[in-house]
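Hi everyone, thanks for making time. Let me put a structure up on the screen, and then I'll walk you through it.

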Amino acid sequence: MFEKNMGSADRAIRAVLGVLLVIAFFAWLSGTWAWVALIVGVVMLATAAMGSCPPYSLLGIKTCARK
């Protein structure tokens, strides 16, 4: 569906930050900041899993290895 435009380091960083934000939602944040952390964390996990970042596509950015 989407062309892969993220390298393995970019995907790993997004996955770790996504997990930390989801944990923050359940562990210590509350109110609006908790929901912002959850939404951003889920989006980061989804883009890491897909290997594609829509804003990267719009801006022509690729962090994956060139073929």
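**A quick tour of the helices**

So, what we have here is a protein with three helices and zero strands; helices here are DSSP runs of H or I with at least four residues, strands are E runs with at least two, and both are numbered from the N terminus. Keep in mind that this is a predicted model, where local features need pLDDT of at least 70, side-chain atom pairs count only at pLDDT 80 or more, and totals for chains, interfaces and linings use all residues. Residues are numbered from 1 along each chain as its sequence is written, and side-chain values use heavy atoms, with hydrogens and water left out.

Overall, the C-alpha trace spans about 45 × 20 × 20 Å along its principal axes. Of the 67 residues, 30% are buried, meaning under 20% relative accessible area, while exposed means over 50% and partly exposed is in between (1.4 Å probe, protein chains only).

Now look at α1, residues 8–27. Which residues of α1 are buried? They're Asp10, Arg14, Gly18, Val22, Ala24 and Phe25. These cover an arc of only 150 degrees around the axis, which puts them on the same side of α1; that arc is taken from the directions from the helix axis to the C-beta atoms.

And what do those buried residues pack against? That would be α2 (31–50) and α3 (54–59). Turn to the face of α1 pointing away from its buried side, and you'll find exposed residues, including Ile13, Val16 and Phe26.

Note on methods. The expected span of a helix is 1.5 Å times one less than its number of residues. Contact means heavy atoms within 4.5 Å.
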